[in-house]
Amino acid sequence: MSENLTAVVNDALTANSSDNLLEIKNLKKYFPITAGLLRRTVGHVKAVDDVSFTLKAGETLGIVGESGCGKSTMGRMVMRVLEPTDGSIIFDGQDITKLEGKELRRIRPKFQMVFQDPYASLNPKMAVEEIIAEPLVVNKAATRKQAIERVSHLLERVGLRGEDRLRYPHEFSGGQRQRIGIARALALNPKLIVADEAVSALDVSIQSQILNLMVDLKKEFNLSYIFISHNLAVVRHISDRVGVMYLGHLVEFSGKADLYNHPLHPYTEALLSAAPEPKRENRRERIILQGDVPSPANPPKGCPFHTRCPKVMDVCRSQRPALREVSPGHLVACHLY
């Protein structure tokens with residue numbers, strides 16, 4: 001991508017930057033591949049490769065894609081659980097990729113995470129009261145009495161009882177455990193919550209309850225979400241804008257209605273055609289993608305999707321398409337545009 005085109009794309013993605021809570025610029029994460037007795041680096045797995053986007057205050061951004069596309073890795077970099085190989089993460093006006101030690105600990109309470117597996121994300125040896133109060137204790141944000149009051153209030157707010165704070169995780173169902181995980185994420189009044197497949201491990205009937213709860217909490221606590229999922233119906237329900245990832249790249253980025261009604265990238269079209277649609281008149285013609293997702297350790301030259309694309313052209317095999325704004329707020333990385 002040329003420097004001029006990169007500047008144009010970044011300008012489009014960061015428009016009205018004063019309203020942005022989060023700005024991701026050219027973010028990369030390469031995991032080294034080592035071999036031999038000396039464990040020398042012989043290659044890299046390019047899990048996230050040059051991704052840029054913004055998140056406005058009070059907005060929900062959905063990130064979708066197949067397993068292995070890099071969406072969870074990207075979410076963990078936003079949380080600073082993983083260190084980026086390159087790029088910047090500007091949160092609330094501050095580049096958090098440059099923060100270490102006390103400076104990083106000072107800003108960490110402002111962004112929290114809800115994990116995919118409610119069975120594995122809660123310590124079975126700790127009572128619910130200890131689990132939710134732990135962020136308050138670690139950050140010295142409340143006295144013992146204040147922490148107990150805060151825990152009881154949060155449990156009631158997520159649909160449980162205050163006295164449930166004395167029970168242990170194994171005494172709850174999967175949906176109830178995820179409510180506890182959400183309460184823990186809210187303990188320090190964060191501005192941003194990264195939800196990584198937060199409902200995929202739950203029954204369908206419970207998924208809708210958790211999604212509606214998250215929508216209500218967003219309004220009450222003035223939250224912003226990055227909602228990572230492979231379920232397009234779930235993302236459509238909760239998101240304001242949607243980014244589509246493939247093999248570590250952002251291939252389409254748009255407002256929810258525009259993306260679902262007028263998808264541009266062939267990969268997005270294929271994903272939407274596979275989504276269940278109860279109304280016959282709204283069903284799309286099924287697009288069956290051939291072949292497997294290429295390895296991020298050895299991505300194809302040119303467009304990363306060209307090995308499976310039903311609309312592939314010669315230029316796709318040699319040149320990687322840049323992410324271009326083809327209509328206001330709608331960006332796509334495809335040579336068709």
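Is Lys218 buried or exposed? Select Lys218: the residue is buried, at a relative accessible area of 16%. Buried means under 20% relative accessible area, exposed means over 50%, and partly exposed lies in between (1.4 Å probe, protein chains only).

Before moving on, note the ground rules. This is a predicted model, in which local features need pLDDT of at least 70 and side-chain atom pairs count only at pLDDT 80 or more, while totals for chains, interfaces and linings use all residues. Residues are numbered from 1 along each chain as its sequence is written, and side-chain values use heavy atoms, with hydrogens and water left out.

**Stop 1: Lys218 and Asp240**

A salt bridge here is a side-chain nitrogen of Lys or Arg within 4 Å of a carboxyl oxygen of Asp or Glu. Lys218 sits in helix α7 and Asp240 in the loop between α8 (232–238) and β9, so the pair ties together parts 22 residues apart in sequence. Helices (H or I, at least four residues) and strands (E, at least two) are DSSP runs, numbered from the N terminus. Asp240 is partly exposed, at 36% relative accessibility.

**Stop 2: Arg241 and Glu59**

Select Arg241 and Glu59. A salt bridge joins their side chains, 2.6 Å from N to O. Arg241 is in strand β9 (residues 241–246), and Glu59 is in the loop between β2 (40–56) and β3 (60–64); the two are 182 residues apart. Arg241 counts as buried at 15% relative accessibility. Glu59 counts as buried too, at 7%.

**Stop 3: Arg157 and Glu220**

Go to Arg157 and Glu220. The closest N and O atoms of this salt bridge are 2.2 Å apart. Arg157 belongs to helix α5 (residues 144–157) and Glu220 to helix α7 (residues 204–221), 63 residues apart. Arg157 is partly exposed at 24%, and Glu220 is partly exposed at 42%.

**Stop 4: a network**

Select Arg161, Glu163, Asp164, Arg167 and Glu171. Salt bridges with shared partners join them into one network. The total count is 18 salt bridges.

**Stop 5: a nonpolar patch**

Finish with Met313, Val326, Leu336 and Tyr337. They form a nonpolar surface patch with about 310 Å² of accessible area together. Patch residues have over 30% relative accessible area and no salt bridge; like charges are joined within 9 Å, nonpolar side chains (Val, Leu, Ile, Met, Phe, Trp, Tyr) within 5 Å. Accessible areas come from the Shrake-Rupley method with a 1.4 Å probe; for residues, only the protein chains shown count as cover. Val326 lies in strand β11 (residues 324–327) and is partly exposed, at 35%.
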